[in-house]
Amino acid sequence: MLIDNIGTLVTNDPELGTIKDAALVFDDGLVAWAGPRAQAPEAAGTTRLDAEGRAVIPGFVDSHGHLVFAGDRAEEFAARMEGRPYTAGGIRTTVAATRAASDDQLGSNLDRLIHEALKSGTTTVETKSGYGLTVDDERRSLAVARPRTQETTFLGAHVVPPEHDADAYVDLVKGEMLDACAPHARWIDVFCEQGAFDGDQTRAILEAGIAKGLTPRVHANQLGHGPGVQLAVELGAASADHVTHVTDDDVDALASSDTVATLLPGAEFSTRARYPDARRLIDAGVTVALAADCNPGSSYTTNIPFCIAIAVREMGMTTDEAVWAATKGGALALRREDVGLLAPGARADAILLDAPSHIHLAYRPGVPLVTAVFRGGRRVA
C-alpha cells in the first residue's frame, strides 16, 4: 500500500521526524519506505490511498491500562465531583464485581475497550490484572488478556483485599499468586502508595517477580511523595507511572536511568488532582510517555487524543512532545522498537487524521480527528 499526498508525516525517526508533502509505503505488514512524496518509489504499492493533504502519525502506544474488570463506578465519580476526595479504597468495589464476572464477561468487556481505543488511534495496548486479588482471579484475568495483547502485567499488588492482612497478602502475591500468574504476564507492577503497599513490600514483590523473569513497572508517587520512583530506577523498571509528586532527587534519578516516566493525565482530570509537571521532567532529560490509564475508578477513558490535549494545556508539554510521548514514548515504556514510529522495518501502525498536522490533536480538543487506523498495514478502523 502507498499512502500518498500526506500533508504532514510524523515518523519519530529521529525525534518527531516531521516530513511535509510526504508518502508512506507498507509492505507485508511493515513500513517499507517513508519520505518526501517526490522521492517515493515509482512502483510502490498495488493499492494507493490519497491522504488529500491530511496528516499521518504513528499509532498510539498506550503503555498503562487496567482493562480487565467488570462493572463501573459512575456513582463514585459523581460523588467525587461533588467534593469527596479520591483514595485507593474504591478499587475494592471493582474487585467484587470482577470476581463475580465470568471469563466470557471479562473478555467481552476487554474487547469493547480495545476496540474503543483502536477507533481513537491506539494500536498497541498494555493491560494489567489487579481487580481479582485471589490466586485464581488474578490468573484468569491475565489468561483472558493474553490472547488479546502481548503486553500483560501482573498487578496482584494493587491493594490489600479485606480478607487478608498486609503481611500475609504480600507473601501470597510473591509466592503462590506469582507462580500462577507469571506464565501469562510479561511485566510485574506494584501500587506503591500510602493505603496500598510501602517501599519494603514493593521491593519484596518486585524482586520476586524479577526472579521469575518478569520485568518491573511501578505505580509511583501518584497521591503523594514516596519511595516508588527511586525503587523503580534502582530495580531497573521499564517505567515509573503517574510520577505526580516528585523531589529533585527523584527527577535526577529518572534522568540518569532508562526508566520512562509515564504520565497519566486522565487520572488527574477525573480526580481533580494536581497534574504532573511534564515540563520539569522533560527539561531535566527524563524520557516521558503519555498513557490513558483506563480504569473504572479514576480514569475511565481510552482516548489518547484527549490525554494529549490535557498534557499540552495543563502539563507544560508542546504539541510535538505530547504526540511523541503518546507514540514513541509509550513504545519505550514497553521496551518496544517495532511500534511508535514509522520507519522502515517498523510495524505498519499508522493513523490518518482529518487535519493537516498533528498539532490539531491539541488544537481541536474533543473533535474526532482520527479518520483511519492501520495496524500491521491493514486498515482496522
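Author: A267 is placed in helix α9, residues 265-271; helices (H or I, at least four residues) and strands (E, at least two) are DSSP runs, numbered from the N terminus. The model is predicted, so that local features need pLDDT of at least 70 and side-chain atom pairs count only at pLDDT 80 or more, while totals for chains, interfaces and linings use all residues. Residues are numbered from 1 along each chain as its sequence is written, and side-chain values use heavy atoms, with hydrogens and water left out.

With a relative accessibility of 1%, A267 counts as buried, a term that means under 20% relative accessible area, against over 50% for exposed and partly exposed in between (1.4 Å probe, protein chains only). Setting aside neighbours within four places in sequence, A267 is in contact (heavy atoms within 4.5 Å) with Q222, H242, D293, S298 and S299. S129, which is 138 residues from A267 in sequence, is 18 Å away from it, C-alpha to C-alpha.

A253 is buried, at a relative accessible area of 11%. Beyond the neighbours within four places in sequence, A253 is in contact with Q230 and V233. The C-alpha atoms of A253 and A232 are 9.5 Å apart, across 21 residues of sequence.

The account now turns to the core. A nonpolar core is a set of buried Ala, Val, Leu, Ile, Met, Phe, Trp, Tyr and Cys residues joined through side-chain atoms within 4.5 Å. The largest has 86 residues, and F154, F197, V243, L281, L290, I308 and L353 have the most contacts inside it. Helix α5, residues 166-181, gives the most to this core, with eight residues. A second, separate core has 16 residues, among them L9, L24, V31 and L352. The partners that L290 touches, residues up to four places away in sequence not being counted, include P265, V61, L263, I308 and M315.

The expected span of a helix is 1.5 Å times one less than its number of residues. For the 17 residues of α3 (103-119) this gives 24 Å, which agrees with the 24 Å between its end C-alpha atoms. L106, G107, N109, L110, L113, A117 and L118 are the buried residues of α3. Their cover includes α2 (91-100), β7 (122-128), α4 (135-145) and β15 (370-375). After α3 comes G121, with a positive phi near 105°.

Open spaces remain. On a 1 Å grid over the protein atoms alone, a cavity is a set of points where a 1.4 Å probe fits but cannot get out, and a pocket is an open set with protein on both sides within 12 Å along at least five of seven lines; lining residues have an atom within 4 Å of a point. Grid points are joined across faces, edges and corners, and a volume is the space filled by probe spheres set on the points. The largest pocket has a volume of about 250 Å³. Its lining has 15 residues, of which I114, T123, V125, R148 and R375 are the closest to its centre. The elements giving two or more residues to this lining are α3 and β7, and β7 has the largest share, four residues. The structure also holds two cavities of 30 Å³ or more. The second largest cavity, with a volume of about 40 Å³, is lined by residues including A117, V125, E126 and C294.
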